[in-house]
Amino acid sequence: MAELNLTGLQKAAILLITLGPEKSATIFKHLKEEEIEDLTLEIANTRSIAPSVKDGVINEFYEVCLAQQYIAEGGIGYAKEVLEKALGAEKALDVIGKLTASLQVKPFEFIRKTDATQLLSFIQDEHPQTIALILSYLSSTQAAMIISALPQEHQADVARRIAVMDRTSPDVIKEVERVLESKLANLVNQDYTIIGGVDQVVDILNATDRGTEKHILEILEIEDPELADEIRKKMFVFEDILLLEDRSIQRVLRDVDNNELALSLKGSNEEVQNVVFKNLSKRLAQMIKEDMEFMGPVRMKDVEEAQQKIVNIIRKLEDSGEIVISRGGGDELIV
């Protein structure tokens, strides 16, 4: 079929065109800036789409979604079996092959539903690298509960190992899984993918209590200042202003330059804008709206710099105890 000769970018552009602007805009919110730019350019260069090509792309997308659902329900073996019955053996293998690692069942699936306290008792005496590997595959909430309960002298070490982790040998993963499976006496689905990284340790720290987060970052600032700085920059993004209470937002806004505020809101979503305007006087809110309208198109880099300045203010006020950011992980694990 004609769609088999298309690149992944071309297929994605055709799918977004078919879905229409409203649904495409929703999808764009979950993409990286460079991905949005590439897709926008491809959509702009797409002049016409043959009905057969459009149908082929939609069918392929539907089949991949089905495969993802089946994998989530019963693993790759189950997905392959169901797809073979529906599409035939050759087509089923083709669809499974198109799935990326992010759509596949991850290792340590068997411990995702395990109580964090119970899991901690099994892994707390393991090597920090082993603990980091396991936490990288858990939900941020689970990982946060466990890292908060580790001895303080191990917390930063485990966080650093998660942050610098890249690819892990499938053999290593299988061996760690085997040991845990033996301890927990549960079934396990094995697979491997890219894990760890700064984003993952940020998710974990965002879910921990403030004391654990602060301790880990203080240690990392001594041992690896560049990594600590990179983590801090991602710990609280501008859109997280929605996590603040109105009183805290009002306190933040007192320290924010009006021009910086207008520029930062220019690149934010409507929900963030509404929350900010609600916490300004009507006169000032109207003035900021007019500034946003009159400034015209702005560079994304300038918007991000303005937003980062406000984020820095928020972090400073939180450190001084003047505002509180709602976060999980407030309850300590007792083992």
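Is K309 buried, partly exposed or exposed? With a relative accessibility of 45%, K309 counts as partly exposed, where buried means under 20% relative accessible area, exposed means over 50%, and partly exposed lies in between, using a 1.4 Å probe and the protein chains only.

Before I go on, a word on what we are looking at. This is a predicted model, in which local features need pLDDT of at least 70 and side-chain atom pairs count only at pLDDT 80 or more, while totals for chains, interfaces and linings use all residues. Residues are numbered from 1 along each chain as its sequence is written, and side-chain values use heavy atoms, with hydrogens and water left out.

Let me begin with the whole protein. Its secondary structure comes to 18 helices and 0 strands; here helices (H or I, at least four residues) and strands (E, at least two) are DSSP runs, numbered from the N terminus. Of its 335 residues, 39% count as buried. The protein exposes about 19000 Å², and carbon and sulfur atoms supply 51% of that area, as computed by the Shrake-Rupley method with a 1.4 Å probe. If we take a contact to mean heavy atoms within 4.5 Å, then among contacts between residues at least 6 apart in sequence, 77% join residues at least 24 apart.

Now to the charged pairs. Side chains of opposite charge can pair when their charged atoms come close. A search of the whole structure finds 8 salt bridges, a salt bridge being a side-chain nitrogen of Lys or Arg within 4 Å of a carboxyl oxygen of Asp or Glu.

K309, from my opening question, meets E260 in one of these, at 2.9 Å from N to O. Because E260 lies in helix α15 (residues 258–266) and K309 in helix α18, the pair ties together parts that are 49 residues apart in sequence.

What separates D157 and R160 along their helix? They are 3 residues apart in helix α9 (residues 152–164), which means that about one helical turn separates them. D157 counts as buried at 17% relative accessibility, whereas R160, at 25%, is partly exposed. These two residues also belong to a network of salt bridges that links D157, R160 and R161.

The side chains of D302 and R299 meet in a salt bridge as well, at 3.0 Å from N to O. In that pair, R299 counts as exposed at 53% relative accessibility, while D302 is partly exposed at 24%.

Next, which residues gather in a patch of negative charge on the surface? They are E33, E34, E35, E37, D38, E304 and E305. The elements that give two or more residues to this patch are α3 (33–45) and α18 (300–319), and α3 gives the most, with 5 residues. A patch is made of residues with over 30% relative accessible area and no salt bridge, with like charges joined within 9 Å and nonpolar side chains (Val, Leu, Ile, Met, Phe, Trp, Tyr) within 5 Å. One member, E35, is found in helix α3, and at 34% relative accessibility E35 counts as partly exposed.

Finally, consider H215, which has its place in helix α12 (residues 210–223). H215 is buried, with a relative accessible area of 16%, and, leaving aside residues up to four places away in sequence, H215 touches Q152 and Q155.

How values were computed
Lys and Arg count as positive and Asp and Glu as negative; His and the chain ends are not counted. The place of a charge is taken as NZ of Lys, CZ of Arg, CG of Asp or CD of Glu.
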